[in-house]
Amino acid sequence: MKADNCIFCKIAAGEIPSKTIYEDEDFRAILDLGPVTKGHALILPKSHAANLFELPEDVASKVMVLAKKLGAQMKENLKADGLNLLQNNGEAAGQTVLHFHLHLIPRYENDGQHIMGNPKEATQEELAEIQKIIIG
């Protein structure tokens with residue numbers, strides 16, 4: 001189902017032109033208009049879900065299979081050295097369009113990108129406490 005004012009729903013439905021690199025009945029994959037690296041693409045489900053938590057499990061499964069397929073194609077055809085998969089949920093996590101989408105970011109040696117930010121150190125005690133909180 002499409003959301004009326006969702007730009008990614010409109011792109012996925014073909015109502016707004018894009019540089020499509022893949023399309024099937026469930027997904028459209030497009031080149032990102034603001035690429036982090038050469039070949040940076042987005043996988044857009046054609047059915048609307050605001051984020052991972054609203055995404056049906058069957059669609060979530062299919063998106064990873066497609067990411068593997070497209071990632072391998074990018075690695076080979078673009079001569080990429082690696083690949084990041086990035087998926088943001090919520091404004092605090094950097095999500096700017098409230099339609100689930102998965103970034104495929106080809107990586108190249110010395111491309112200058114730092115996708116993981118600034119990792120911090122944690123003690124074993126801190127990790128154990130967080131573990132207890134997460135699993136209940």
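**Close-up views of the predicted model**

Asn110 is exposed, with a relative accessible area of 80% (exposed means over 50%, buried under 20%, partly exposed in between; 1.4 Å probe, protein chains only). This is a predicted model, where local features need pLDDT of at least 70, side-chain atom pairs count only at pLDDT 80 or more, and totals for chains, interfaces and linings use all residues. Residues are numbered from 1 along each chain as its sequence is written, and side-chain values use heavy atoms, leaving out hydrogens and water.

**View 1. Asn110 sits in a loop between β5 and α3 (124–135).** Helices (H or I, at least four residues) and strands (E, at least two) are DSSP runs, numbered from the N terminus. Asn110 is not a glycine, yet its phi is positive, near 60 degrees.

**View 2. Lys79 lies in the loop between α2 and β4.** Its phi is positive too, about 60 degrees, and Lys79 is not a glycine. Lys79 counts as exposed, at 64% relative accessibility.

**View 3. Asn51 belongs to the loop between β3 and α2.** Asn51 is buried, with a relative accessible area of 17%. Beyond its neighbours within four places in sequence, Asn51 is in contact with Asn89, Gln95 and Phe100 (contact means heavy atoms within 4.5 Å).

**View 4. Five strands form an open sheet, in the order β1-β2-β3-β5-β4, with antiparallel pairing.** Strands pair if DSSP finds at least two bridges between them. β1 (20–23) and β4 (82–86) stand at the edges with a single partner strand each, so one side of each has no neighbour in the sheet.

**View 5. Strands β3 (residues 41–45) and β5 (residues 102–107) run antiparallel, joined by three bridges.** Ile43 stands opposite Leu102 in β5.
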